[in-house]
Amino acid sequence: MTTATSSMSPIQAVDTSQDVIRCVGLSKTFKDFWLRNRVRAVDNLSLEVHRGELFGLLGPNGSGKSTTIKMMLGLLHPTAGRISILGKRPEDVAIKKMIGYLPEESYLYRFLNARETLDYYARLFFQNRLQRRRRVDMLLEMVGLEAVQRRPVGEYSKGMQRRIGLAQALINDPHLLILDEPTTGLDPIGTRQIKDLLLELKSRGKTILLCSHLLSDVEDVCDRVSIMYGGKVRQEGTVDQLLTKQESTTIEVAKLDDKTLKEVCDLLTSRGIDITKVDQPRMKLEALFMDIVHQAQAEGVATSGASAGGRIAEFLSNESSLAVTDSASRGQILDDLVKVLPVKQEPVKPKVAAVKPKVDNSVLSSLTESSPASRSTGDGAAKPFEEPKSSTPAPKKPVAGNHSVLDDLLGGNDK
Amino acid sequence: MSKPWVKWLIVFLGGLLLGGGASTLLAFQGEVVPARYLFWATQTFSVLWLLWGFWKGRDVPGMKTVGAMVISTLIVGALAIPMLATSKGGLAIVMIGMWAMAELFVIGLWLIRLLLSGGHPVLGIARTLIDEAIRMKIALIFIIGVVLLIPVLPILIDAQERLDYRIKFFLNWSLGGVSVLLSLMTVFLVCGSICTEIQRKHILMTMVKPVSRIQYLIGKWLGVVLLNALLLAVSGVGIYSLTKVLAQQQVSNVTTPMIELAAVEFEVLTARESAGPTPADEMDFSTELRLRHEKLHRENPEEYGEKLESKQVKAIQNRIVAQWHAVGPGDSQTYVFRNLQPAVERNIPLQLRFKPKMSKAPDDDMVRMALWINDRPYPNYQGQHVPTIVANDNFHVMTIAPTYVTAQGTLELRIQNINLMAPEATYPATISFSPGKGLEVLYSVGGFRWNLTRSLAMIWVRLGFLGILGVMAGTFLGFPVACLLSFMIYFAAIASAYLKESLRNYAGYSDMGMNLWQKINVIGGGLVENLAKGEFWESTKIIIRFVGEGFISVIPEFSTYNPTPLVSDGRVVSMMMLGEATLWVGFVSSGACLLVAWWIFSRRELAKVTV
């Protein structure tokens, strides 16, 4: 039997190696009533999630994502293979102090209200009353449920339950956050907030395993993804590696008049470059929706549901700074920094730099001069959970890429 | 800047002090009528101000509960106090009883929540279970049942019945009812909580936190144990208060009130130790057994061998004991009661309680006896030995002064059957007493209050076992089956003594004094022998007895630790008895259940699906 050891400091307990999660040859077979092997949910899966990384586990329903996660959390026993979470076995109770988990559905007590729910989960982490009150207040504000905190969770909408589920996953300021379909049931605002929150947590050095079949969610935030099908990993790599279409180039400029467009096309054709598509970019529906909601909020339109979330809870620590304060060994600190920083600051190459087309510089200059100064990108006001402006450009992925597996998942090959 | 509630409190207290002070001053000055008007005006103002305060602060956490408590107090006070002065006094007692128990429950619940407010998984799980019990209907029904049962019982009792019988009835049904209701609540709550959490996967959210499996199980158990403690405490206060109220009621026979009142005081609202009769010479029984065995062996050597079977020994012993409890016509029998020093030390009277039975009673249905205590005629009025003439087949109590008990703490009672002595006697008959409670000496060793407290503690220990049983069943079974298993074990524990006896008679083989290996040999031999004879049913009965005895041996004997009949009969539930119950039921049986539960639960895959 393993027991929680409250005296151990979180940092001391954490394995400082590069891999926060490591699965080797993991398999899980479910049996029927007569103990006959029936479903091989996970099949010889090997996986590594590095410290400070936002890792996406993609796959259609029944691909083995949730089963894998449940094995990582000690809720299922692997039929074969090994799992190491922060250097320990998943059954180790002490290691769970460093983990936050949001399951695919919010399995919450219907008879407790939001405050009591968070208070209950905080108790499970040995938090005293003051600490609990402080954290619960912050999290309720963060997920926008302050106004409805006294209502039983059973009366909440699915989206509100997801918010409270996310809050409970953060109650212990986890080092490793495992989220199973976190945006299910959320409206676009909530989805955007969750994605922003994940990026913020990542910037604070947290390791996040995001499990989803909503491809856009994963694409927007993840550093690396693993795509599962039939219990096996079909493809794994950074989002850029998987999605960048090396054989094409996209140049986005202000709207061109017909004459200029024709000149550009002629120029490219004269250089022997085939033009496959000339199009006007469309605004994403999500962006339009967010604009409308922000405008309504600015006008003070009332809502009875969850409000927009507030600022991120202060207690959610910055892993690097914690390590500096708590770790006894300076050498260890340096090792940690060396291991953590490169992952956090991995440069993302701008897409325009990925391919260097041979074009006439004079044409490009003329195009720049004839275009308006810049395209508006919104009001620029700071939004809740808004991703901090970083020197590292946010990856903007091209639509096309190595989509063979993605198409499979979406049923694209059937069309 | 002061908070709104401070202003409200200042006005409230100020109004009370000013109004109360002014009306008192007026009363001192002889202005009675204005003083009365001012007093009632102050009362009205304070009530209205109070209600307004609750209305304004209705969104403050906890205000709803406090408001409900205060308003219910006002309503009950307004209704019950006038009723007490009228013929509706019984209804008023019921109302006050329900109100007091409900208020006590709410306050107790608040204290338990406070007790469980620490930052520990076990405390958190326990508190959530209590919240579940209060907010989900399954347990709440039983809680309401407990709060309703006790105050309602007194109005169901026949007022024409003897007062001591009324109190006995109340104690019996209230304690029994509370015990049954809480047993049902315990099983449904614990099994329901664990099974539902596993089925609806709430448990996944808990078990991915730093909570070990054993902590989860202990948390669930602690929650139900504390809830039971609260409900038993509330019930105890209700039972004690209403018993005292009942004891103040009118006796059934107003011509002899002292008899009923004495019976209430000395036979019900007390804690009496009992001493059963023993033979003057301890060797008598063994000698008698040997002599009878020799005689039976001579007469029927085939049936009664050199060595008697346990069944035969028991039958002969029963006959000897029954004969020893019988006094033939004109004969006398001596019974010695030992270990009566406590009565002598406390200088309290003893009670000889007996129930004489004559199969052929005289026409007046009275039994005639002559008694001697320590060879002195008893009762002895003015030098005359007065015969004891009592109704046949009824319990009677005679008071004996502690001076009759010897320095060694013994009391020797000789009973002579004098029915033949009557001149018109045509009914030579034997007087017999049932072994056990048919003839005993009782003496008080304590009061009713602590006896009731100990009995409630014993019920609590039993409920604790039931709680852990429910936890164990919930770890591997679904809700209905877990409840069924828990109840099956619970009822088997209640009827364990009867079941043991029944199984022994069901399949006859002697295993007295044998160890397990010897028993298996005997059973194996019996099986082979019966099968060889073609008696398959007899073989099956042997197997059933073996399995049944094995099952009973691992469950606690609740029949030994049932305090309800003891309390209602004014008998002591001793600390020794409570200690034994705590040791065997509370620690050994419950501990074994917890270990089994942990063993199963720690191996269970909580997110497992069967495909």
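# Notebook: chains A and B

**Entry 1. The interface**

I looked up where the two chains meet, and 40 residues of chain B are in contact with 38 residues of chain A. Contact means heavy atoms within 4.5 Å. I noted that this is a predicted model, where local features need pLDDT of at least 70, side-chain atom pairs count only at pLDDT 80 or more, and totals for chains, interfaces and linings use all residues. Residues are numbered from 1 along each chain as its sequence is written, chains are lettered from A and ligands numbered from 1 in the order in which they are written, and side-chain values use heavy atoms, with hydrogens and water left out.

Next I looked up the area buried between chain B and chain A, which is about 3700 Å². Carbon and sulfur atoms give 65% of that area. Buried area is the accessible area (1.4 Å probe) that two parts lose on being put together, summed over both.

**Entry 2. Charged and polar pairs across the interface**

How many salt bridges are there between chain B and chain A? I found 2. A salt bridge is a side-chain nitrogen of Lys or Arg within 4 Å of a carboxyl oxygen of Asp or Glu. Side chains of opposite charge can pair when their charged atoms come close. One salt bridge joins the side chains of B:Glu605 and A:Lys28, at 2.7 Å from N to O.

I also looked up polar contacts, and 15 residue pairs make them between chain B and chain A, both residues being at pLDDT 80 or more. A polar contact is a pair of N or O atoms within 3.5 Å; within protein, one must be able to donate a hydrogen and the other to accept it, and residues adjacent in sequence count only if both atoms are side-chain atoms.

Then I checked which helices of chain B supply the side that touches chain A. Helix H5 (121-135), helix H8 (202-207), helix H9 (213-247) and helix H20 (575-603) each supply at least two residues. H5(B) gives the most, with 8 residues. By class, this side of chain B has 18 nonpolar, 10 polar and 12 charged residues. Ala, Val, Leu, Ile, Met, Phe, Trp, Tyr, Cys and Pro count as nonpolar, Asp, Glu, Lys and Arg as charged, and the others, Gly among them, as polar.

**Entry 3. Chain A as a whole**

I looked up the secondary structure of chain A and found 15 helices and 9 strands. Helices (H or I, at least four residues) and strands (E, at least two) are DSSP runs, numbered from the N terminus. Chain A has 415 residues, and buried residues make up 45% of them. Buried means under 20% relative accessible area, exposed over 50%, and partly exposed in between (1.4 Å probe, protein chains only).

I then looked at contacts in chain A between residues at least 6 apart in sequence. Of these, 74% join residues at least 24 apart.

Over all chains, the structure holds 40 salt bridges.

A:Glu48 and A:Arg22 meet through their side chains at 3.4 Å, N to O. A:Glu48 is in strand E2 (residues 37-50) and A:Arg22 in strand E1 (residues 19-31), so I noted a link between distant parts of the chain, 26 residues apart. A:Glu48 is partly exposed, at 32% relative accessibility. A:Arg22 is partly exposed too, at 36%.

A:Asp137 and A:Arg115 form a salt bridge at 2.3 Å, N to O. A:Asp137 lies in helix H4 (residues 129-142) and A:Arg115 in helix H3 (residues 114-123), so the pair ties together parts 22 residues apart in sequence. Is A:Arg115 buried or exposed? A:Arg115 is buried, with a relative accessible area of 16%, while A:Asp137 is partly exposed at 33%.

A:Glu236 and A:Arg224 form a salt bridge at 2.9 Å, N to O. A:Glu236 lies in strand E9 (residues 232-238) and A:Arg224 in strand E8 (residues 224-229), so this pair ties together parts 12 residues apart in sequence. A:Glu236 is partly exposed at 33% relative accessibility, and A:Arg224 is buried at 13%.

**Entry 4. Two buried residues**

I found B:Ser193 in helix H7 (residues 163-199) of chain B. B:Ser193 is buried, at 1% relative accessibility. Leaving aside neighbours within four places in sequence, B:Ser193 is in contact with B:Leu129, B:Glu132, B:Phe188 and B:Lys220.

I found A:Ala169 in helix H5 (residues 158-170) of chain A. A:Ala169 is buried, with a relative accessible area of 1%. Not counting residues up to four places away in sequence, A:Ala169 touches A:Gly100, A:Tyr101, A:Leu102, A:Pro174 and A:Leu177.
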